[in-house]
Amino acid sequence: MEEINALELKNISKYFGTVAANEGISFSLKRGEILALLGENGSGKTTLMNMISGIYYPDEGQILVNGQEVVIRSPKDAFAHQIGMVHQHFKLIDIFTAAQNIVLGVERRSIRGINEEVKEIAERYGFDLDPKKKIYDMSVSEKQTVEIVKVLYRGADILILDEPTAVLTPQETEKLFSIMRAMKENGKSIIIITHKLHEVMEISDRVAVLRKGRYIGCVNTAESSEMELTEMMVGQKVTLNIERPETKFDRPLLEIRDLCIKNDMGSRAIEDLSFFIRGGEILGVAGIAGCGQRELCEAIAGLRKVESGGIYHEGESIVGLSPKEITHKGIAMSFIPEDRLGMGLAPSLSITDNMMLKNYQDRMPAVEESGESAEAPDADLAVQTEEPGAAPAGHMEEPDADSAAQKKNGCKVFLRRAGDRIGRFLNRYCGFVDRKRARQQAEQIIQELDIVTPSTETPVRRLSGGNLQKVLLGREILIQPNVLITAYPVRGLDINSSYLIYDILNREKKGGTGILFIGEDLDVMLALCDKIMVLCHGRLMGVVHAEKTNKEELGLMMAGSLNLMEEKGKQMGIAKDTQIGGDASWNE
Amino acid sequence: MDIMFFSSAIEFGVIFLFGCVGEILTEKSGHLNLGIPGIMCMGAAGGCFGAKLYLMPTDNPNGFVTILMAILFAMLFAAALGAVYAFLTVSLRMNQNVTGLACTIFGVGFTSFFLNTIVLTEGVSTKLSYAGQNFFNAALPGAESTGWFGTIFLDHGTLVYLAIIIAVLAALMLRYTKIGLNLRAVGESPATADAVGINVTRYKYSFIILGAAIAGLGGLCCIMDFNLGNVDANVSQTIQGIGWLSIALVIFTMWKPALAIVGSIVFGALYILSSRITMISFEQIQLLNLIPFIVTVIVLIATSMIGHRETQPPASLGLSYFREDR
Amino acid sequence: MERIKEPLLHITRRDGMPLWKSMLIRAGAVLIALVISSIFISAAAPNSQGFFGFFGSFFSGSFGTMRRLSQLLRETSMLLLVALALVIAFKMKFWNLGGNGQILMGCLASAMCLVYLGGRIPNGVLWLIMFVVSILAGAIWALLPALFKAFFNTNESLFTLMMNYIAMYLVAFFITHWYPQGSGAMPSMSEYALIVKFSDPSNTSIWGKTIPVVLAAVLVTIFIYCYLRYHKHGFEISIVGESVNTARYAGINVKKVIIRTLILSGALCGLVGFLLVATVNQMITTTMDGNMGFTGIIVAWMGKFDPLVMIGVSLFVNFLTRGMSQVCIDFGFTSEALSDTVVGLIYFFLIGCEFFISYKLHFSKGRAKKDRPDFMDPAPKPPEITDTTAQTQQENTPDAAEETA
């Protein structure tokens, strides 16, 4: 007798535009097993699971539940086939109790007795859940419990958990795992998405591996090892030709000492972190999503409160300074949060206006520079649109009957001068913004970085993802920082654009800038960065030289199973020639 | 005297109560309807029109039928304007503040015009005030014989009891029923509600229109119950003022219909206070009129300062929901 | 297997539309509304002058006489001033619904000067003091909600709404305080009027009150246009309106921007109050604001928050209102309330038509053929939409499922 699979995927593909997020994926989930879906960031795990849970609809392929082919168009359809998914970002209503959230939208006559029902389900699987507790009073793990019970309440037999451990402490993770085992005992089939190898080894029966949107294979966990899985996940070494120019490392520009930061939920995002960046080096930050990179960036840029510890720029503490002051010290951040337009760019404003975002308060220089006339030839046009009514109309009426061309030219120059002068006056004494310079800068970066846009006045909202990244990075580089923080600068970019970004970073590096590069793709980081710092749950796992390490080592460190800090027994992350405290000299 | 004052406070307060409960239901669906003053006016216009339709051809009018006709048409007219608001803000996703203000401008103007030109033809006004005094203000049996108890609790017209019943029902509905739960979910986070399979658009439409219909009864109540059926020229202006206060009352009662019963009586008392205190001068009356508004502002500030999650407006109040924006 | 019904239409956001096309849609909406109301009115009016008489009256309301034209310009300027005051707050997504109250406080401050200082100091000084205190009064009235918004995130629309009524009853209080015997009105103190005098007294009576108001409107329009477009403050306002997070990232002090902007907004409303008392009325009533605080919101919104477009919109709104009042008079309606009704109706149409300007409707072209594989669906795939129904709309029949079933 052949066993019927709880869930079977046949040749599933999904394309976003021309990009294949999933291509020809087939695998199956047996009844009563825990299957781990393993893959690097961007390998298409979540997309695949979203298709099973009804968020997306596959472009190709079939889904079979209990041997029957089904069509899943909405989360409701998925529930009808007893499939439930717990998303990474919870969908809960804050002011409702746990029980209310759990029964919301379920077809039932009244809401009487829900507390008892929820309690009963929670107890059956060993959850510790108070049905009357409001969501806003809950910790992250409690919220996750609510989400899981919500799925169970709808009678799901197949549960999909998307990176459930990313937000949990090790103890909470342990608890979740015991619950998952209890659910397995109850005959539920579970898919857990993760990229933490040790968890895979601990919890799963089988492992399915995805790489770059393709299905690599499926192995029994018991017959496998972390090394084998890493190889499957990472695949053949991709030959990347990213340049890593040799530069002479400068003194430490940015030093972080014993830094502690809290995240939005109030728990520790970064704990006792110490590291430093030298001028002329690229320091990569590797770590799984949510290991505190975001909070670290925000803290350095002055957007997040520092709990304890210090951030020093050229030996001076910058803790407690405003973002503006930090920018003026020469620290630039090009940080792209999950929502690209959420921070850093103002979506409805033009590229020109977005160029001004950081330096709109700067005043023009008081005296005209001699190189003035060498400026862009179309500047005169810009000036006139800049100050309507401000340019004296009277000068237009000068007669140009004889030797028209020359005089016209002279008049033009005169007008431009006058316009410039008025513009400068308005900028210096009336607080007008210098849009002319911003426009020139916009044109400059459009040209240098090959940004595809109809004009400098196009709202950035209409640009594609890659072009947005370029605008963002271009702006940060224009202010000539000596420390540049860049997070996921190539996310969503095609190969050519990515290389352009790497070139830009290398150019900055050669110019002596210290760069903190928060990346996702280990191959890229190994090729581009000089050193790589690995974070796991906000703790430093070690700083390694990119030439002397490999992906496996990094992967183990990211998962927290290799901690170089303990091994070496010496304190890492503190420069010998630290700039903190007096004028410590450096020689290298 | 004091008992009479309390009784009048209740009678005036229910006008607020209608508007307030209507607006609470609307806001719970995530829509701040600034058209409530206009919608209440529409209710007044519709109610008078309905009463007229029945009273004019009838020689010996029946009180019950009169009230029923008035209520029916009041709700119909108010719901019509509510439907326009719902269409513009839910389906067409236009700005709620702007649409609401347009509703108020339209409703107030329309009512003033409609009452003066179409409703108040020859002989209508006497019939209306007859109905107002004898039907709408008919007390419950025992109002006379039970002393102060009767004066406070029994000596009111039908609409007063209707208002309280509606408020209680709304409170029960929001708190204990599945529909109430779904409605609150829609107002808090339409995206989440949508994801669990609640028909967001249907809920928004239903409760905006239902809220408008209830608010419309407030306008009817103002004319037929409190004003004893006397339609004066400025009635739509008066109702407009009451309408804005009803919206304020929603904040005052922290989006709870049960609290709104108490709140509206307090507001009613504050509102009529100036006309009941005989010993003070005319200018002091104006200062007394300020009290309800100042109290509202203080409550608004206090709730935002305390910042307790449950005294806050529905989280997505005022934001239109477009699924594909997610 | 249950078949899912495909929705009839699918709505997407439009990226932009040529100006002429959007203007055509708006003009169409107004025309439809006008035709509907004209038919209705010419049929129902006691003294109907027919369908064409309607439009005759309509235009004569604004352009019939010199006086009407002057009044149109004056009211347009006033409304424009209010809308400009509000627009700077709206650009920041601060819903200042308190225009009425801020205007009234400006009026009250001016009237106070008239009552207490009138005749005791030279008129020039009087006007100057009136100007300053009116602006201060308006600014303070807007500052209160702004402070609480900035520090406690208090809901500003309800706060400002309540401030309207507090202002109204304060005015009522002062009127009864000054004139206890009067019937709630203040007699006009026209001897202190700030009016441009012409040699011909009839010109003075037509244009005298209009010129200062129009002048103020022109200056303020230029100022606000430059402020929003070229000034650093205007830039900060638009960033805060876009996203508070981005503003923080750019190093903007969001609280400061909110407070500063609202002071300016209230001050401009106060200026309108000053103009109302000093040039137009020389007295005060509780309804002096003429609901401009609300109409101004509609003007600002319909003008897409662009000061130059708002000139046109406020002119149009006043043209409508005046035209409708004239129609009411000419057609023998005793109440002018009908004009509000029709104006409200036109607002509905104008608001509604904006939908067709900012969104695009896609009508479904029916289902794809049954035997065609899913991936050959010619319908354009929407980009990464994490949306359930958008998916339902684009996909084909569950054909494969039916074959197995």
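1. A polar contact is a pair of N or O atoms within 3.5 Å; within protein, one must be able to donate a hydrogen and the other to accept it, and residues adjacent in sequence count only if both atoms are side-chain atoms. Across the interface of chain C and chain B, the rule finds four residue pairs of this kind, both at pLDDT 80 or more.

2. A word on the ground rules: this is a predicted model, where local features need pLDDT of at least 70, side-chain atom pairs count only at pLDDT 80 or more, and totals for chains, interfaces and linings use all residues. Residues are numbered from 1 along each chain as its sequence is written, chains are lettered from A in the order in which they are written, and side-chain values use heavy atoms, leaving out hydrogens and water.

3. Now look at how chains C and B meet. Chain C brings 52 residues to the contact and chain B brings 50 (contact means heavy atoms within 4.5 Å). Between them they bury about 4900 Å², 76% of it on carbon and sulfur atoms (buried area is the accessible area, with a 1.4 Å probe, that two parts lose on being put together, summed over both). On the chain C side, C:M162, C:Y169 and C:F348 lose the most area to chain B, together 15% of what that side buries.

4. How many salt bridges are there between chain C and chain B? The count is zero, taking a salt bridge as a side-chain nitrogen of Lys or Arg within 4 Å of a carboxyl oxygen of Asp or Glu.

5. Finally, pick out C:I41. Leaving aside neighbours within four places in sequence, C:I41 is in contact with residues including C:F54, C:M324 and C:F331.
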